[in-house]
Amino acid sequence: MTSVKVIISNDQNKVKIPAGIRLLIRRCCHAVLEMENFAGAAEVSVRFVDNEEIKKLNSQYRNIDRETDVLSFPLCENGQYDVNLDTGAKLLGDIVISAEKAFEQAESYNHAIQREIGFLTVHSMLHLLGYDHEGGGIQEVRMREKEETVLTKIGWRRDSSYYMGD
């Protein structure tokens, strides 16, 4: 069984993070690693920010000058992870979630904030493990299937069909 240390910080004050979200994030991270048969201990950081901060990060690291819902910063290079020398855990990387955007999207998609934050966490964890959807096609479909598999496993099954966007 894989163990994962999840370091969660709330660096925004625009919206109140509901009780139970920290446990949900930890469950999501663990479920992704379990599904992927990840060997050994792992460590990941999850940070809540506001729309202004995520826009800055998106501009700085992706040259996209607009807010987004989540950013992933993987620490894996060529299949090799940095390792925490004190614990031996593989350092997967950082997840940055715009709490404001998560609340906006939960309302827009008419589902609970827990499902939205769960989705964003699972989505980002898959990015940290090397999955990508940017090119579309089978890679995007495979990633979406994995997201839904994990969310269903932890009790947040999708009620409607996929919307792949324009």
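Student: Which residues does E43 touch, not counting residues up to four places away in sequence?
Tutor: This is a predicted model, in which local features need pLDDT of at least 70 and side-chain atom pairs count only at pLDDT 80 or more, while totals for chains, interfaces and linings use all residues. Residues are numbered from 1 along each chain as its sequence is written, and side-chain values use heavy atoms, leaving out hydrogens and water. With contact meaning heavy atoms within 4.5 Å, E43 touches K5, I7, N84, T87, A89, K90, L91, L92 and G93.

Student: In which strand is E43 found?
Tutor: Strands are DSSP runs of E with at least two residues, and helices are runs of H or I with at least four, numbered from the N terminus. The strand that holds E43 covers residues 42-49 and is β2.

Student: How far from E43 is the nearest side chain of opposite charge?
Tutor: Lys and Arg count as positive and Asp and Glu as negative, with His and the chain ends not counted. A salt bridge requires a side-chain nitrogen of Lys or Arg within 4 Å of a carboxyl oxygen of Asp or Glu. E43 is buried (under 20% relative accessible area; exposed is over 50%, partly exposed in between, with a 1.4 Å probe and protein chains only). E43 has no salt bridge, and the nearest side chain of opposite charge, K5, lies at 4.8 Å.

Student: Is N63 buried or exposed?
Tutor: N63 lies in the loop between α2 (51-62) and β3 (70-74). Its relative accessibility is 71%, so N63 counts as exposed.

Student: What is the phi of N110?
Tutor: Most residues other than glycine have a negative phi. N110, found in the loop between α3 (99-109) and α4 (113-128), has a positive phi, near 60°.
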